[in-house]
Amino acid sequence: MNAMAKRIHEADVLVIGGGATGSGVMRDLALRGITCLLIDRKDLNAGASGGNHGLLHSGGRYAAADAETAAECMREGEILKRLAPECIDDCGGVFVAVEGDDVDFAARFPEHCRVAGIPCEPLTAAEAREREPALPEGIIAAYAVPDATIDPFRVVLENVGHAERQNDSRYLPHTEVEAFEIVDGTVISAQCRDRRSGDPIEIRARQFINASGAWAEKVARLAGCKDVSLLYSKGTLLISNTRVTNGVVNRLRLPDDGDILVPGGTVSLLGTSSVTVEDPDGVAPTIPEVDRILAEGAAMLPVLNETRFVRAFSGVRPLLKSAGSEADGRKANRGFALFDHEDQGLTNFATVAGGKFTTFRLMAEKAGDLVAQRLGNAEPCKTNVEPLPSGDALRWTEPGAAARDWFKRSDPTDMILCECEMVARSAVDTILQDAPGAEDHMSLKAIALRSRIGKGACQGAFCSMRVTSYLYDRGVYDSPDGLRLMREFVQERYKGVRPVLWGAQMPQAELAEILHCGLAGMDLAADEDGGTGK
Amino acid sequence: MKRGTRRIETQLAVIGTGIAGFAASIFALQRGLDVAQFGHSGAMAYTTGYLDLLGVHDQRVRTDPWAALDDLRRDEPHHPMSGLGNQTIRTAFDGFTDALGEMGIGYTRAGERNLSGLLPNGIAKPTLSVPDTMLAGITALETGARTLVIDFDGLQGFSAKAFEVNFAERWPALRSARLTFPGMENRQVFPEVLARSLETRATQDALAEAIRPLLNGAEYVGLPAILGMHAPDAVLARMQEAIGVKLFEIPTIPPAVPGIRLRECFERAFPEMGAKLEPQLKVANVEFGVSGATLYLHGPMEDLQVEASAVLLATGRFLSGGLRSDQHRLSETLLDLPIRQPEGRQEWFRREYLDPRGHPVNRLGVEVDSTFRPIGPDGDPVHEKLFAAGAILAHQDWARQRCGAGLAIATAYSATEAATAALG
Amino acid sequence: MGAHSRENTLDFLQVAKDLLPSGASYDACVGCGICASGCPASGLFGMDPRRFINMAMLGMNEELSTTPWVWACTQCKRCAYLCPMGIDVSLLVGAARGAWPTEDKPSGIVRSCAAQRLDESTSAMGLMSEDFVEIVEETVEELKENDSRFADLKVPIDKKGAKFVINQNSREPATEPEEMAPLWKILDYVGADWTYASKGWAAENFCMFTGDLDAWKDMVETRVNAINALECETWINTECGHSFFTLWAGIEKFGLEANFEAESLVTYYAQWIREGKLPVNSDWNKGNLKFTVQDPCQLVRKSIGDQAADDLRFVVKTLVGEENFIDMQPCRSANYCCGGGGGFLQAGMSKERRAYGKRKFDQIIATEADYVLTPCHNCHSQIDDVGEHFGGAYTVTHLWTLICLSLGILGPDERKYLGPDLADINLPEGT
């Protein structure tokens with residue numbers, strides 16, 4: 001390949017950032033008839049959109065501190081439940097206070113909810129335990145709220161998939177902006193690089209939207225804009241091997257570590273911590289964080305002490321800076337802002353930042369309104385009325401979906417590649433064919449992002465090898481690079497496994513290492529790569 | 001309705017049914033001891049079939065395992081193999097492979113240099129002794145011979161294509177093909193099922209017939225490890241004759257044949273060799289008395305109580321149940337033997353999975369004196385007639401060092417030697 | 001068999017929590033697949049033991065509650081035997097069976113269980129107590145008339161205080177009464193003080209196979225009461241597998257009181273041979289016919305363990321000659337279920353049952369044996385059936401047939417389970 005050959009793409013709008021907001025903007029604009037190119041320096045949901053609970057907030061969590069955000073969550077949550085039901089488990093939630101928690105805070109909770117417009121039903125301790133048998137004795141207050149859970153990966157895949165079906169809108173993974181070409185206050189192009197091949201890419205567009213989440217301040221600065229100022233709040237979460245509760249369980253107190261347990265289909269997610277960090281890159285869960293979250297969580301749900309955890313992960317919340325927020329990310333504004341950057345001297349560049357996963361649609365709508373107006377497009381936003389469709393290649397992130405599909409079709413020749421989550425060849429085939437990014441070189445990691453591969457108890461120990469074999473069989477891999485990608489995948493998985501390595505996870509980890517070193521020689525190959533595979 | 005408790009006596013009770021446990025029983029029998037062995041399925045099931053002595057030292061692949069052992073003694077004096085001489089280790093190793101050969105699974109004897117054992121991804125690993133069914137592959141790779149590697153429809157995780165692609169640069173005369181295994185159309189197949197089927201002549205003939213038209217001048221044919229379960233050498237010979245080329249096996253991802261083969265081989269041969277073997281029962285409890293130990297086991301219908309003059313612990317690590325951990329510390333499962341360890345689990349694993357230094361947790365385990373008796377915090381043996389061998393021992397990282405079999409066999413050899421001496 | 005409704009859907013994770021010990025439950029699974037690889041039911045209906053666990057983890061309770069696979073799993077416990085964590089999927093399968101609506105369960109199993117509950121005889125073939133007694137008495141009379149050497153043979157029924165009480169598979173009294181005679185002759189030969197029980201005599205328990213715990217308990221209780229009443233030292237289970245497991249495990253599971261020991265006939269064959277009471281040898285096997293033996297899962301892996309396998313081999317080797325005995329591989333506690341157990345034979349799923357039995361067939365063919373000895377009726381029927389289906393040239397026979405053959409007391413009409421090669425060997429004088 002000629003490294004000097006610069007690839008050039010053109011679109012009406014370049015959207016930077018393949019998370020919920022960016023993909024939401026892409027879909028919003030596509031529904032207005034505007035063609036977008038969506039890029040991400042990694043792949044979809046690489047930032048906070050993939051590093052969260054998957055909690056579709058009723059707003060109860062913010063009712064005491066930030067009524068406006070709480071109300072926004074409530075409204076947006078209802079819209080998503082109506083328009084994207086396949087991405088949502090409307091399981092409900094409870095807020096519970098246990099012995100030692102602040103009685104007065106608990107007593108004020110219904111009033112806070114009322115102000116924010118959140119339905120809140122008081123429960124007796126017995127009623128709470130009937131809903132959630134895992135709750136302990138000694139609950140001092142409990143309320144039911146309309147919390148739900150959402151599959152952040154499915155939402156983002158569906159956003160992109162829907163946009164791509166509207167017009168020529170496209171998604172390019174592994175594409176990082178390095179500079180903007182700006183002439184007289186107008187951004188002409190984004191100078192990008194393919195992070196895998198190192199090739200330069202130029203993207204020309206009429207409008208540029210920076211929706212890069214925790215990286216929005218950095219991207220804005222590339223365009224010379226100094227008005228975006230973010231606080232990086234690292235949150236760590238634990239994933240259990242099975243679903244612990246029926247619905248969302250929140251600790252009824254001011255937000256702190258380990259006080260939300262959210263079902264994620266067949267698993268549960270416990271979190272979260274909030275630690276301010278300097279840099280959104282390179283965050284990983286630590287053992288002290290995990291221990292603290294678990295200790296706090298077990299105070300609310302003692303069963304967590306006997307629960308097998310398979311993984312921990314961290315995300316970085318991009319929070320808008322406000323007074324007092326430097327010290328405590330939880331006090332920062334959970335709202336969002338749209339920067340038109342006109343006071344920075346730019347006419348066709350905007351940044352949408354802050355906010356929450358629950359409010360991504362609204363953020364996209366506001367950004368879409370601005371871009372449409374700038375392009376002279378009079379079409380209104382449709383994401384508040386148009387249901388999010390379900391694409392065949394996009395439904396594999398739902399826990400159990402691949403398993404049920406495989407079981408129902410009962411095709412004995414359709415081999416299962418990931419046994420824990422029962423993901424079969426057929427599911428991998430549809431992803432290779434039709435999922436966003438499919439036209440690109442699809443690696444094990446990319447397939448795993450678009451499915452449940454690597455997410456079960458073995459955390460990729462077996463399926464990494466089986467899927468890699470299959471990708472060689474299919475000719476997707478045709479060089480030793482496939483083995484390097486496999487090593488990268490298991491190393492990435494390991495970062496999340498390491499902090500939860502004890503108990504039942506120890507035999508699993510030992511088996512993984514026996515396979516990866518003894519049978520796949522990954523440690524020796526990594527050594528040849530140059531040390532740790534970095 | 002249980003039948004009450006059955007009581008047996010033995011000189012040496014071997015706890016654990018991995019390579020170390022089976023090697024210990026073999027050596028103990030050879031030393032004339034009365035042996036009883038107990039345990040349950042464990043990590044042996046996951047072996048490639050290769051027997052490593054020492055393939056990696058100082059983070060480098062070593063071609064001469066004996067020289068590597070010399071370096072090991074210098075660099076890692078606490079490594080369980082460091083206290084043993086090369087001659088002892090060689091005697092143990094050959095004793096074990098010879099015994100395996102007599103039981104029906106031929107292995108190459110320990111040579112001067114490590115062999116390049118083929119792995120399914122199309123790479124090789126340093127190992128000392130390989131099953132006869134895998135030997136031709138090593139020659140084929142060394143000579144770059146015209147070779148055909150075959151995989152099968154419905155077999156998970158083994159890709160002849162991947163093998164070919166990754167070896168391509170080093171082995172240009174390698175080709176791959178896919179077949180439907182005779183009688184296994186349109187279904188998932190486990191290597192174990194293919195191996196068992198290949199024990200019948202009808203399947204041998206049908207498979208040979210399917211392979212012959214694909215040869216196209218190939219001198220060697222490689223297959224996933226499926227050449228029979230309990231008589232692999234006979235299956236190999238017959239298939240080679242039927243196809244007319246040299247055949248070899250390549251290890252596969254578990255559930256794989258080589259581990260099952262070893263386990264069934266031991267389970268078949270041990271009763272004939274005079275060892276009492278209970279491969280189904282985990283020891284629940286051990287109590288030490290004046291003259292030895294009492295082991296308690298719970299079978300489905302009856303309990304078993306074993307009076308043993310000496311005990312050899314070869315219970316492996318986490319996967320085999322010899323060690324366990326909670327959120328804060330590791331412990332030895334059966335006797336709560338002391339495990340010297342850092343405070344908290346922060347130090348157990350390194351930040352990078354494939355860090356060439358390996359994870360410190362792998363080097364934690366049971367510490368022993370020079371006669372393989374577990375020692376307490378004071379450095380004295382926990383019991384005069386308690387010995388330990390294999391992966392449960394501290395100061396080794398067998399998976400990274402490619403020394404799993406060597407460790408198991410050599411320490412079992414020396415531990416049984418010490419046990420024999422202690423028993424007078 | 002049809003899919004059934006949600007109300008019969010179990011929460012399998014809860015079932016696992018209730019039935020499996022901590023450390024050997026679904027949460028301990030490392031996903032290695034050794035269980036699936038070693039299970040002959042793997043692949044049937046798309047299922048295998050690992051998948052059962054994973055589907056429970058994935059909340060696929062409806063699928064698990066309705067998959068007919070639970071009737072193809074014979075609950076042989078080979079998965080638990082192989083699993084490094086000891087996870088016993090067969091217990092979950094039992095619970096799944098129990099939750100099926102009776103009308104959807106395989107009718108053959110349900111009918112047999114219903115027949116067993118008709119009266120206290122507990123016969124799956126619906127043979128009432130008085131009929132059993134009558135058939136035994138008639139058969140004894142015929143035997144005495146036909147063979148003068150057994151003119152004094154006694155077949156006691158309900159003899160209180162006998163040393164042994166022995167059960168009887170219904171197949172013989174119901175369809176081939178003359179096949180009871182070899183066992184009687186052996187018991188007579190060794191001078192055993194034994195009796196049948198007119199109640200609870202039958203050696204089958206389809207109620208256990210239905211997954212209906214109440215029915216299982218009911219069946220065991222009837223038998224235990226009958227045996228208790230006879231005040232015999234030892235209950236000997238005849239050449240049958242599950243009737244042994246069902247009784248001792250049922251007594252354990254349901255906390256019943258028993259005043260007797262439970263033993264297998266195989267154990268006593270071995271003991272009597274060692275004691276010289278049963279002077280069998282292999283002199284009759286002049287043609288060096290080769291024999292292999294099936295270790296019944298219910299007797300070996302699920303009950304007594306390798307001790308029973310050792311006894312079985314001792315008996316067989318003595319009978320056929322050490323050099324004429326070839327073990328199947330794997331064997332003993334690691335043996336494969338033949339596919340006749342767990343009610344599979346009566347479940348009406350011949351295609352799946354034979355696919356399951358193919359592995360057993362291959363094992364047998366690999367031994368190149370002429371005869372397969374099966375100290376279990378279900379093994380006998382299944383191995384015979386797959387032999388016929390896949391074109392095997394072996395003959396399946398009981399131990400008692402060979403024992404009597406060796407002793408020269410096997411009558412001409414007791415040879416239906418011998419091949420033509422043995423039809424005329426060692427015929428008793430004067431017959």
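## Domains of chain B

Domain bounds are those of an automatic or database domain assignment. In this predicted model, the assignment for chain B gives domain 1, made of residues 5-105 + 260-422, and domain 2, made of residues 121-252. Between the C-alpha centres of domain 1 of chain B and domain 2 of chain B the distance is 32 Å.

The two domains touch: 22 residues of domain 1 of chain B are in contact with 15 residues of domain 2 of chain B. On the domain 1 side of this contact, helix 3 (86-103) and helix 9 (257-273) of chain B each supply at least two residues. Helix 9 of chain B gives the largest share of that side, five residues. Sorted by class, the side of domain 1 of chain B that touches domain 2 of chain B holds ten nonpolar, six polar and six charged residues.

## The four-stranded sheet of chain B

Chain B has an open sheet of four strands in the order 8-7-9-10, with parallel pairing. At its edges are strand 8 (174-179) and strand 10 (246-250) of chain B, each of which pairs on one side only. From one strand to the next, the twist averages 25°. Within the sheet, strand 7 (residues 147-152) and strand 9 (residues 220-224) of chain B run parallel and are joined by three bridges. B:Val149 has B:Gly222, in strand 9 of chain B, as its bridge partner.

Which strands does helix 4 of chain B touch as it packs on the sheet? Helix 4 (residues 132-143) of chain B touches strand 7, strand 9 and strand 10 of chain B, and its direction makes about 100° with that of strand 10 of chain B. Helix 5 of chain B also packs on the sheet, where it touches strand 7, strand 8 and strand 10 of chain B. The direction of helix 5 of chain B makes about 170° with that of strand 8 of chain B.

## Contact between chains B and A

In the interface of these two chains, 41 residues of chain B are in contact with 44 residues of chain A. Strand 6 (123-127), helix 5 (160-167) and helix 10 (398-401) of chain B each supply at least two residues to the chain B side. Helix 5 of chain B provides the largest share of the side that touches chain A, four residues; helix 5 of chain B is also packed on the sheet described above. By class, the side of chain B that touches chain A comprises 19 nonpolar, 13 polar and nine charged residues.

## Contact between chains A and C

Chain A also meets chain C, with 21 residues of chain A in contact with 17 residues of chain C. Helix 9 (401-409) and helix 14 (505-519) of chain A each supply at least two residues of the chain A side. The side of chain A that touches chain C has twelve nonpolar, six polar and three charged residues.

## Overall form of chain A

Chain A contains 15 helices and 22 strands. Its radius of gyration is 23 Å, close to the 24 Å given by the globule rule for 534 residues, so chain A is as compact as a globular protein of that length. The C-alpha trace of chain A spans about 70 × 60 × 45 Å along its principal axes.

Of the 534 residues in chain A, 60% count as buried. For contacts in chain A between residues at least 6 apart in sequence, 73% join residues at least 24 apart.

## Overall form of chain B

Eleven helices and 17 strands make up the secondary structure of chain B. The radius of gyration of chain B is 22 Å, close to the 22 Å that the globule rule gives for 424 residues, so chain B is as compact as a globular protein of that length. Along the principal axes, the C-alpha trace of chain B spans about 70 × 50 × 40 Å. Of the 424 residues of chain B, 59% count as buried. Among contacts in chain B with a separation of 6 or more, residues 24 or more positions apart account for 68%.

Is B:Gly4 buried or exposed? B:Gly4 is in the segment before strand 1 (5-15) of chain B. It counts as exposed because it has 10 C-beta neighbours inside 10 Å, and a residue is exposed if that number is 12 or fewer. B:Gly4 and B:Thr416 are separated by 412 residues in sequence and, C-alpha to C-alpha, by 32 Å in space.

Definitions and conventions
Residues are numbered from 1 along each chain as its sequence is written. Chains are lettered from A and ligands numbered from 1 in the order in which they are written. This is a predicted model: local features need pLDDT of at least 70, side-chain atom pairs count only at pLDDT 80 or more; totals for chains, interfaces and linings use all residues. Two residues are in contact if their C-beta atoms, placed from the backbone, lie within 7 Å. Ala, Val, Leu, Ile, Met, Phe, Trp, Tyr, Cys and Pro count as nonpolar, Asp, Glu, Lys and Arg as charged, and the others, Gly among them, as polar. Two strands pair if DSSP finds at least two bridges between them. Axes are lines fitted to C-alpha atoms, for helices over the stretch in contact, and angles run from 0 to 180 degrees between N-to-C directions. The radius of gyration is taken over C-alpha atoms; the globule rule is 2.2 Å times the number of residues to the power 0.38. A residue is buried if 20 or more other C-beta atoms lie within 10 Å of its own, exposed if 12 or fewer, and partly exposed in between; C-beta atoms are placed from the backbone.
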